Amino acid sequence: MARQLAGCSAGAQAHAQVSCAVEGARAPEPKFFLVDLSQGAVVAESKRTASQRLSSSGSNGHKRKSKGSVGVRARGFLCGHQERTRSRGRSRSKSKGPASGANVASNEASTSAAGSGAESAALFSKLRSFSIGSGPNSPQRVVSNLRGFLTHRLSNITPSDTGWKDSILSIPKKWLSTAESVDEFGFPDTLPKVPVPALDETMADYIRALEPITTPAQLERTKELIRQFTAPQGIGQRLHQYLLDKREAEDNWAYYYWLNEMYMDIRIPLPINSNPGMVFPPRRFKTVHDVAHFAARLLDGIMSHKEMLDSGELPLERAASREKNQPLCMAQYYRLLGSCRRPGVDQDSQYLPSRERLNDEDRHVVVICRNQMYCVVLQASDRGKLSASEIASQILYVLSDAPCLPGKPAPVGLLTAEPRSRWARDREMLQLDERNQRNLELIETAQVVLCLDEPLAGNFNARGFTGATPTVHRAGDRDETNMAHEMIHGGGSEYNSGNRWFDKTMQLIICTDGTWGLCYEHSCSEGIAVVQLLEKIYKNIEEHPDEDNGLPQHHLPPPERLEWHVGQPLQLRFTQASQSVDKCIDDLDFYVYRYQSYGKSFIKSCQVSPDVYIQLSLQLAHYKLYGHLVATYESASTRRFLHGRVDCIRAASTEALEWAKAMCQGEGANVPLESDREDEEESRKVKFSIYSKDHLRELFRCAVARQTEVMVKNILGNGIDIPLLGLREASVEVTGEMHELFKDEAYKISQCFLLSTSQVACSTDSFMGYGPVTPRGYGCSYNPQPEQIVFCVSAFYSCEDTSASRYAKSLQESLDIMRDLLQN
C-alpha cells in the first residue's frame, strides 16, 4: 500500500487537481526513496529528478505542466551486504527551479553522469565520469555498470514470447558472477538494478491488460497510438533508450518517478486515503499502570531494534521462490524509525535521519494524550538508555498529567489530516513562532509517535450482512471493525483524530480499553517492514509476561510538554479542519470480514498459490455484483533490485473475465444494490448449470496461469506500470509534453483502480486496512491464514453503487462456489 476520497469537501477540492478523468486516484500499498544515510545526510527530499536529490525540506517542489492520472499507493540505505552513497541523475527539461527555503541539505554533492550513446564503445568513457563511494573510479561501480550494460545487451537476445520465463536475474548470476564476489548461494554481492523491459514487450502486455476493462473502440484507438509510438520514426524508441541510459547512470532509474506519482505529488489527506491502519490482538488492562507498562515495553522494543539497525546486525532476507535465495534489498527497514513526511504546497518531501549516530545524540519519542504532546527521552548522552520500568514511569506521568491540565489544548494534530497543500500553508504559519519550530523538529525527529487514546463509541461499526461470521477480537463492546476505524483515522475531532500526527512514519496507538495497533505513513516503507517489526516486539512481550513487575519510583525529570503558540488564523483553521476531517470519516464505509470456511491450507491442496486464488475470488466477487471487471491493483514487491519498492499486479485479465462469466452461469449483474433482503437475494440466483464443472475448472486453470504469469513478471522487474510511468515521464523530459498515448482514455481507465488490493500476511491474528483509492472504488486487504482469511473491505457511503458489506457478502459467495468447484 495513497488513497483518494471524494466524499469530503476539502479532500475533493484537492483531489480534482490530481485525479484522472474517469475516477480519482490515490497517492498507494495497499495504498515506501532513494537517498543516502551513510554520509550523515539528515533529510531526503523527493524530487522530480534524481539529479536534484535531498534539497528542500518543505514546501515548493518541481511541478510539471502536464500530468497524467495518478497511480496507486505508497527506503542512505543498506541493500544486500553493502551501503551505497551516490547522487546523480538527469535534469528534467520541463521543470521549475528547486524549492526555496531549504533548511537542511545532503552531505553529498550531486554529480553529473551518463553519456548519451548506447554503443559499447562509449561504455568505459561513461564509467569514468561516475563518482560514487570513496572514489570516482570505484572498481565496484565499474563492475556494477558493466554488468548492467551487458545485462541489457544479453537480455535483448531473449525471444519476447518466452522472455518472462527466463529470469533476467539469472544473467548477472550465471554470466557475470566471475566479475565480482558472490555470496554462498552464488549471487553477486551487489544487487542488480531495476530493469527497463523491452518496449515491444511492455506494449504487448499493456494491450493485454486493457482488453478486459475497455470497449473495443477504446482498445482499437490505443492500438493505433501504440503503432505510432513504437514505429521506427516514432518517439517510443527514443524514450526507451532514454530510460536505458538513465538506468546505467542511476542506482534506481524509476524510484523518483514512482515516489512522486504514488505519494509526494498527491494533495489529498493522508488518513483513509494513504495511511493504513493495523489492529493487533487487544490487551487486558486492569489499571492505568498496565497501560503505561505495555506502552513502555513497546518503546523498549523499538529502541532495541534501533540498536540492531545501528550495529548493522539486521538479518538479510532472501527470496523464497523464483530465483530462490536471491538477496533482497533491506533499505526500507532502515527508514521506519526517526523519519517523517513533510507537506509541501506543490509537492511533499521526506525527513530521513542520518544512519550514523553521534555520541551526544539523544533519542526520544513524542507521546500524545488528549491532544497534549510530550517529549519523552529514551536514550540520553548523560544517562544512557532508559529501562522499560523507567520508560513506564514517564508514560504514567503523561497519563496522569494530560487529563488535569486546564482548558482544551490546540488540536494541532488535526491539521496533519488536512489536504497536503492546505497543511503545508498551516505549517508555514506555525513556523513563524520559534517555539513551534522546535516542537515540529521534536515531532519529526522522534523515533515514533505514541498515541494514548480514549475508546471509540461502540456504534462506530460498518453495516454487516446476514450470515456473516462474528468478530473474533473484542475490547468491551467494540468489535474488530470499530478497532480498525480507531487505527485508520482516530474517530473524528471529538475522539482521537487530533491525538495524531499523520505525517509520522510510525504512530503506535494504545487505547485504555486494550485496543492497540498503529497508523503508518506509507511513503517510506511497504507494510512488510512495519508488520515484521511490531510482530517481533509483540511476540517478545507475549513470551516474557513476567517482566511486568509494577512501577518503581524513579527520580527522572518529567517529560517536557510541548506548548504551541497559535494565533487567530490558526484557531479558525482548527474549526475548519474538524469539519473537514469529520466529513471524511463519516463517508468511510469499512468492514472487517473473516471468512472461516477454509483458508490457505485448502487452497494449497488445490495446487494454487493462495495469493492467486484470493485475487481471482476478488474478481469473481466484483463480477457477481457488477457484471464486468475493472482495473485492479495489487502491489508486487521488487526488492530483488537495488532500492526496489513495488510494481502493480493487474488481476483483471481476459482469462479471469471468461472464467467469471462462466461461474455466474448467465446470472445478471446485481449492480443497483437497492435491497439487502434475503428473499430478493435468493430470487436472483440461477438454479441450473450451463457449464460442466470440468469446463469451469479448465477456465479457472487458465485464469490461474495468467495471474501467475503476471505476478512472476512483476517480481522479476518486468511489469508494465513502472515502465509505462517511465515512458510517460520521459516524454515530458525529452519533448516537453506528454505523449498522446498517456492522454488516451484507455490509459486513464487503466490508471483508475476501482479495486485496490494487497496481501498483508501476519504471523499473529492481526490485520491491516485502508480506504479505497477512487471515489467509486473498493479497497480490500487480506490476511490468508491456514483455516481462515481475514478481509478488510472499504468503500465510500457517498457512492450509491458501492457497499463494503455487500462486496464482502459477494466475496463469501465467491469463495464458497470456488470451494465447491475444486474440493474434489
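## A buried salt bridge

D205 and K713 are both buried in this predicted model. The two residues form a salt bridge in which the closest N and O atoms are 2.3 Å apart. D205 belongs to helix α5 (residues 199-210) and K713 to helix α20 (residues 693-715), so the pair ties together parts that are 508 residues apart in sequence.

## Further salt bridges

The structure holds 46 salt bridges. One of them joins D348 and R267, with 2.9 Å between the closest N and O atoms. This pair links distant parts of the chain, 81 residues apart: D348 is in the loop between β4 (340-342) and β5 (349-351), and R267 in the loop between α8 (255-264) and β3 (277-280). D348 counts as buried because its relative accessibility is 1%, and R267 counts as buried at 2%.

R363 and D310 also meet through their side chains in a salt bridge (2.7 Å, N to O). R363 lies in strand β6 (residues 363-369) and D310 in helix α9 (residues 288-311), so parts 53 residues apart in sequence are tied together. R363 is buried at 4% relative accessibility, whereas D310 is partly exposed, with a relative accessible area of 29%.

## A six-stranded sheet

Six strands form an open sheet with mixed pairing, in the order β13-β19-β18-β16-β14-β15. β13 (588-595) and β15 (646-649) stand at the edges, each with a single partner strand, so one side of each lacks a neighbour in the sheet. From one strand to the next, the twist averages 25 degrees.

Strand β14 (residues 632-637) pairs with β15 in the antiparallel sense over four bridges. E634 stands opposite I649 in β15. Helix α23 (residues 804-822) lies across β13, β16 (755-759), β18 (778-785) and β19 (788-796), and runs at about 25 degrees to β13.

Notes: Residues are numbered from 1 along each chain as its sequence is written. This is a predicted model: local features need pLDDT of at least 70, side-chain atom pairs count only at pLDDT 80 or more; totals for chains, interfaces and linings use all residues. Side-chain values use heavy atoms; hydrogens and water are left out. Two strands pair if DSSP finds at least two bridges between them. Helices (H or I, at least four residues) and strands (E, at least two) are DSSP runs, numbered from the N terminus. Axes are lines fitted to C-alpha atoms, for helices over the stretch in contact, and angles run from 0 to 180 degrees between N-to-C directions. Contact means heavy atoms within 4.5 Å. A salt bridge is a side-chain nitrogen of Lys or Arg within 4 Å of a carboxyl oxygen of Asp or Glu. Buried means under 20% relative accessible area, exposed over 50%, partly exposed in between (1.4 Å probe, protein chains only).
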